[in-house]
Amino acid sequence: MQIRQQLPLPIGRYALSSAVLGLLLLMYVPLLLHWIDGWLNKSISIEHEYFSHGLIGLPFAAYLVWSNRSRWQQLPDLPHLAGVFLLLLGVACYRSNLTDLINLSLPIILTGLCLWLKGMPGLRLQAFPLLLVFLATPTEVPYLLAPYTLPLQSFIAGTAGFILQQLGMSVRVDQIYLYVNERIVEVAPYCAGLKMLFTSLYVGLLLLYWTGALASRARTLSFFAGIIFVSVTANILRNTLLTFFHGTGKEQAFTWLHDGWGGDLYSAAMLGLLVFLLRGIEAWIPDNSDSVDAAEF
Amino acid sequence: MLSLFKTSPRSQILRMLVILFILAIAAVPAVSTYFTGGWIWKSLPEVATLEQLRAIEKGGLVLPEWQTLNHETVEIGGQDWSVQAIAPANQTATETNSQAPIFLMLRPQTWQRDQPQVEWMDINGVQRWTADSKRQIRFEAQMPSTQGSVGNSVKSVQVNARFLRGWNQQRTYAVLQWYAWSSGGSPAPSRWFWVDQRSQWRDRQRMPWVAVSVLVPIQPLGDIKQAEVSAIALGQTVQSALMRSALNAGA
């Protein structure tokens, strides 16, 4: 009884907020460590490795939420009931037997928190960080997409074969197979560059947000179209090189580009290209807001 | 009801308490996992019949009323396939020699993370054949009830398979292909995926699978319709034999 009297009835909000944060950390630190370890050391399943862009995206999302904090506090406390449902759904997912559902519980619970604390305005404020978390949540979606990359695989095999023929190599292309000097190279679903495309689109999204170009639909669309073009081209070149190395018996070079740090270097160089692509698009397509300003003058 | 949670400092506390209560449902069991280390995401459930599946890869499948003429393990698309030449058991040696054998190609799951991928494409690649007249067919395969179950009811499962003509310079085959699992079969990896997810979700068990490709020789560029009945009959036998042995943990 004495204790109850000593406690001031409105318990400090910060105490409660810290408790919520504490529980979230308790639930998700082991999971996040598992993701990060998996992405860095490739100890996670191939499908979940596709989401390694989370290494950039998750810290960036955290940074955005932190820099939004004063705007968040200024929002009125108008809870949305859907928030509770999402929280319950998230907890059910977290307690399920499926890794994918456990993973997805993170964006679900975070969305639920936004809705339950600040309603729709809160969700709108945190929409972009939440999108970044959701797109970095590892799921088996790449496995389900793999059968649909077949046309892309044959296209890559055909183009790589054509390039090698121009270089004077005798290459035969059959569907997704390249036959060079009696050796077969298969453009497997995981070689179709879906991972590189995912990463490029994600990094592209970050760049668009960072430069404010996301506000212009023309710039956004042409940038994404450019990303797809650059990524597919880069992947054709990569597969051409791999076929060349394998067909001419340069196994070391093949392994370096296929499994070693050569592949990472190649991806990094391609991501670097995206910055120039965006610069180019910004120079070519006039900013809408600029033209409005000009009209006002 | 929502007005309860609006504006006043009391209601703010109430809302935070709701969050704490809901999160605690998940966080409290998580605490014990910190000590045991058994995080679900760290490992997939074991494949119960991995031994039997590997045995198929090495030794093929014994089919009732069929004899195996020849068996070998062949690498196709980076994976080991069990390739069996088979003939009806009542066929004599002279008949067998004069006729082209039927091939039964099996590629069982052999490790935990092994998933169906592009098996049909791999076979196309190794046979270097042209595939046409493609269509889907359905058949039922039966599994005699295991001991202990009620009555003599026969459990049957639905199998969807792709049926096509594959031909090259040497041979023309009627080809029947599907991924077999204990409760059915389909040529689409995604069908297996959802069955496997359901099995993991409900029972925390994997759904082992075997890629099956049956090659029935037909006349050069002949119509596969003539082989449809025999291909389906063989397909049923294969699915039943697989369900009896390698696909069912309880069997």
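Visitor: What makes a set of grid points a pocket?
Guide: On a 1 Å grid over the protein atoms alone, a pocket is an open set with protein on both sides within 12 Å along at least five of seven lines. Points join across faces, edges and corners, and a volume is the space filled by probe spheres set on them. By that rule, the second largest pocket holds about 1,500 Å³ of space. This is a predicted model: local features need pLDDT of at least 70, side-chain atom pairs count only at pLDDT 80 or more, and totals for chains, interfaces and linings use all residues. Residues are numbered from 1 along each chain as its sequence is written, chains are lettered from A, and side-chain values use heavy atoms.

Visitor: Which residues that line the second largest pocket are closest to its centre?
Guide: A lining residue has an atom within 4 Å of a point. There are 37, and A:L21, A:L24, A:V65, A:L110 and A:L113 are the closest to the centre. The largest share, 14 residues, comes from α2(A).

Visitor: Why is an area called buried?
Guide: Because it is accessible area (1.4 Å probe) that two parts lose on being put together, summed over both. For chain B and chain A, about 4,800 Å² is buried, with 71% from carbon and sulfur atoms.

Visitor: What makes a salt bridge, and how many lie between chain B and chain A?
Guide: A side-chain nitrogen of Lys or Arg must lie within 4 Å of a carboxyl oxygen of Asp or Glu. The count between these chains is zero.

Conventions
1 Å grid on protein atoms, 1.4 Å probe; cavity = no way out; pocket = protein on both sides within 12 Å on 5 of 7 lines; lining within 4 Å. Helix = DSSP H or I, 4+ residues; strand = E, 2+ residues; numbered from the N terminus.
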